[in-house]
2 protein chains.
Amino acid sequence: MGIAHEMAKKQREISVAEFFQKNKHILGFDSLTKSLVVSVKEAVDNSLDACEEARILPDIFVQIEQVGKDEYKMIVEDNGPGIVRKNIPLVFGKLLYGSRFHALRQSRGQQGIGISAVVLYGQLSSGKPAKIISKIKEEEVGYEVLLTINTKKNEPKVIKEEPIIWEKEQGTRVEVVMKARYNRGKQSVFEYLQQTAIVNPHAQITFVEPDDKKTVFKRVTDELPPPVKEIKPHPHGIELGEFINMARATKAYRLTSFLTSEFSRVSPRIAEKVCKIAYLYGDMRPQDMSLSEARRVLEAFTKVKLMAPPTDCLSPIGETLIKKGLKNVLGSLRPGFYAQPITREPKVYSGNPFIVEAGIVYGGELPKDQPVRILRFANRVPLLYQQGADVITKAISSVDWRRYGLEQRGGQGIPVGPAIIIVHVASTRVPFTSEAKEAIADVPEIREEIELALKSLGRQLKMYRVKKERKKKLSEKFFIVNQLLPEIARKSAEIVEKPVPKLEPVITKIMNVIWIDEKIEKDGKMIKITVRIANFTEKKEKFDLYGDCPIGEIVDTDGEIQDDYVKWHVEIEPVSYQYKKIVLKNASGYGETNYYVDGINPSKVIGAEPLPGDWGIKMDFVEEIEEVEEDEQ
Amino acid sequence: MGIAHEMAKKQREISVAEFFQKNKHILGFDSLTKSLVVSVKEAVDNSLDACEEARILPDIFVQIEQVGKDEYKMIVEDNGPGIVRKNIPLVFGKLLYGSRFHALRQSRGQQGIGISAVVLYGQLSSGKPAKIISKIKEEEVGYEVLLTINTKKNEPKVIKEEPIIWEKEQGTRVEVVMKARYNRGKQSVFEYLQQTAIVNPHAQITFVEPDDKKTVFKRVTDELPPPVKEIKPHPHGIELGEFINMARATKAYRLTSFLTSEFSRVSPRIAEKVCKIAYLYGDMRPQDMSLSEARRVLEAFTKVKLMAPPTDCLSPIGETLIKKGLKNVLGSLRPGFYAQPITREPKVYSGNPFIVEAGIVYGGELPKDQPVRILRFANRVPLLYQQGADVITKAISSVDWRRYGLEQRGGQGIPVGPAIIIVHVASTRVPFTSEAKEAIADVPEIREEIELALKSLGRQLKMYRVKKERKKKLSEKFFIVNQLLPEIARKSAEIVEKPVPKLEPVITKIMNVIWIDEKIEKDGKMIKITVRIANFTEKKEKFDLYGDCPIGEIVDTDGEIQDDYVKWHVEIEPVSYQYKKIVLKNASGYGETNYYVDGINPSKVIGAEPLPGDWGIKMDFVEEIEEVEEDEQ
């Protein structure tokens, strides 16, 4: 027999479960410690997705129990809608089975692999079946299912299934025993849950560690993130092959109705126009479209103006949470500067909308001689592994941070300096580099957005440094003028036996600014901030002053609390002082307050910025200032 | 209807083809340029694997034709054994289908995804079917097949199939049209083929670019790499789940025969012993083994001594090719130092044997102010992407290169300096981080081996630098003693009107070394190396001198050519010189020669090292020297 026939005998089909059994590292199961983190992550992601879809405030219980040497049981229980009985085996016992794969909507799980991969890893490493309990609202009883995966067939094998009484109205509980190693610290289950809690403040997460230590990450808000809508694909970015598949599968009878009903942003008018440009009859059957006709349709779409895809399918983390996220990793370190987090406008890659958010803290007590720390999130899920493979890292490495005051060899690579950078990418389809969902692929459109966000942060950083320098210099001048001048005048007057001259006009002439600074006093858990406003101009000034305390809880102030700000209306006579106060609780890592003014020429004010109107305007302002600065250089 | 039921309606199976259609970046298709490289790589890897398996010297033709704006046709044709007619559609039109997945043997393709993924990407991006021609030796005709993949079912859809007359005796030709972009330079098809040719010197690769430029990477040797054997899994490292699967599927009737016949390194004696330790009867049916019994068997295996898995299943690149690989990327740059490449002993991870090889060049004209360049190979396939995600990069980053003279911030990260590092990992199963096979996962056992290889290279590097320094200092002394002393003696004698004293005894007392250095002269394509040997000891010395010219072709020498060395037997009187020569052709990037001595106390010799016996001894020697050096510090 010839070699070709011999080789043919060996050629055969591989089930996807067999594939992953042999390539479990692709799913993230490449070390004992990591396997546990990955498993908890998959289970918790599913719970959060299910709760949000059912509009339930998530209440998630996670427990890790040691059951042997290097063997642990993972338990994850939620109050989600539950899974109907007949689908339980498929959801947990079949790879590539799920509800979110075909939906264009932001969700954590998208591949239909995650939780069944955990079951697979459990049986592979411990030999034990997974135990699932699930109950739905409509039924009196829940069901307990013991199952494994038949890897040759990629089919669930149910070992036991029975109805049980469960005290919960609804929910799902997963128990998987696996070979693993438990630790705390970096890249641990604890870190994953902590970071997850930060960006999902509507979730309550209870965590019991192997030593029975219990931690509750409390729900901070009762507001669920706005429901994310499912969208249809956008004609820009859809690929020819996928387009033909859709045309073959559509139930529409006419090409125009196919285009309007199955794509987003295609009105009947646009559909007609596209058909015309493509030289096609609008009422042809879409199923009959030939390859070259389909290609003409897609080309025609590039010639018409289409709105960008709708973005209510996306759920950004938001400014406050980005700040909180940064605060949280800071621990007791005080940074010198919190930049205003950036939320970019939604953009599209291959027809999928996405949005980039980014934040940075800088200076203060952060370690100076280390690479900057990078926090990565995708669809509200913290990414703890594969930093080097991630588009976020690549974007950070390709920005020239030397311009913004960080050290960076050759203007490339991860910069060195006292900073933490946080980046969140939200999308209806995050392009992960592998099924382990540990890193986002280097998609040019996403990289560009991240780079633009980072550059905005970089400009803020530079501005902060420039202003700090300027304030320092002015501070010296202020001291001379305000302390020494009157002293010199008094002494001189004494010597020449004349009355002390009126110095105010002189001082105001020299200074000609509104001066704002603060004094921070700690008292146990309380922090008292005293804001000093000095009017060194020649006239009375009226304006609004806003203080932005990035962390802590305001317990007392003589201002008015508005969202994240404390607001004061200030009316101040020339050459006079006023004092305002804020008292904060639970603000142990407090650095410095950002002050903003409104109703006054901001160039007259030292120590406060113009009040940003909203996100967009705030950032416009930053870029404007930047341009001015660059012109000056 | 409740939310759980509503969600259940959406839950359904996803075909693996659908999965990859939506996640094509996981397969490496994440940019137009890269898609082309990935496609060529998958096709060429398959061709090389098929030829080697059939013991045929590979003759591979690659052509890229532009067929439209951003649209290219990839053609890859080989002289391999061909594919039997009925299997053609499955091999090219079904993901997760292949012959190498179930085999434990070193091969390039292992997953049964690669080439069908290319077909999938082609149809998805261009809408066009793939064209396959294949002919096997036993048949008069070949077959031409046009096919696409039915992604909903992950099944091939044959559009046309017909017998054709093909001038070749046997072989396979693949043509796929795809959206792509063509470039040359870094991370290009050209670079991939060039690097592939280097580590596969038995292959002839012809490449025609879109502008019809033709490059032939010539076959350098007619020797195929030794055939790699298929091995059985090794009991150490096999996982419980997999072990149970094997026990269920075995045709053996007795537990002992199951263990001896389906695992490597298990003799009947060991099987008996294992059964005894596990409290099991050796003639129980393996299919009846319970979970706890299976676990006892695996635990018993950890208590018996087993030989490491056989390693004739691995095919390292070898010293010469590693040097050639380094030479090739150097182009016209001359490095100062070629370290002896390291080939580590085979090791095992999760039952899979693997071997690590590494090499480094340093100094000379290499750029000093950049991160070191890293060349990565897995199973003789160059890895061009995802450097940051690769265990090779992680190993390089975690070695403290400052010890060895490279600059490295904090002793971590990719070092900066004039060096190129090459690392090859060969295994029966390379643990790639994703189906794109772009990076090797961070498996602790592999990382450790790479680190050890790198540290050996680092020690050589340090030794080179220490010796260079020492030689430089001695060179100054040599000059003073040998040039100035006689001059001073002559002058002094002249002044005092006495005869010039005999200085040789003085000089030899001061020096007491055999001094070896070389002069390099270029003449067109020729390089003439003159080796000077000076005996500054008090007696006649006899020894063998070996010159190792890492590159070029020796056209003339007064020595004896032995493998990679030129050998001279030297007999030299005290205080005298001898000159030897080597003339090289085609050695444009020639740096400096390594000299070795044998039959003399090497500590007496400056400018040559002791002759290494073989690989192992050579490296032992290096480590020994290192230890001595460290003791001295």
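Two strands are taken to pair if DSSP finds at least two bridges between them, strands (E, at least two residues) and helices (H or I, at least four) being DSSP runs numbered from the N terminus. The model is predicted, so that local features need pLDDT of at least 70 and side-chain atom pairs count only at pLDDT 80 or more, whereas totals for chains, interfaces and linings use all residues. Residues are numbered from 1 along each chain as its sequence is written, with chains lettered from A and ligands numbered from 1 in the order in which they are written.

Between the chains, strand S1 (residues 12-13) of chain A runs antiparallel to S4(B), to which two bridges join it. Within S4(B), B:Tyr97 is the bridge partner of A:Glu13. Overall, 67 residues of chain B are in contact (C-beta atoms, placed from the backbone, within 7 Å) with 67 residues of chain A. Elements giving two or more residues to this side of chain B include helix H1 (3-10), strand S4 (97-98) and helix H5 (114-126). The most, six residues, come from H1(B).

Within chain A, strand S3 (residues 71-78) is largely enclosed by the rest of the structure, because six of its eight residues are buried (20 or more other C-beta atoms within 10 Å of the residue's own, with C-beta atoms placed from the backbone). Strand S2 (residues 59-68) of chain A pairs with S3(A) in the antiparallel sense over seven bridges, and A:Phe61 stands opposite A:Glu77. Two residues lie between the strands of this hairpin, in which A:Asp70 takes a positive phi near 55°. S3(A) also pairs in the antiparallel sense with strand S8 (residues 171-179) of chain A, over eight bridges; here A:Val76 stands opposite A:Val174.

Key. Two residues are in contact if their C-beta atoms, placed from the backbone, lie within 7 Å. A residue is buried if 20 or more other C-beta atoms lie within 10 Å of its own, exposed if 12 or fewer, and partly exposed in between; C-beta atoms are placed from the backbone.
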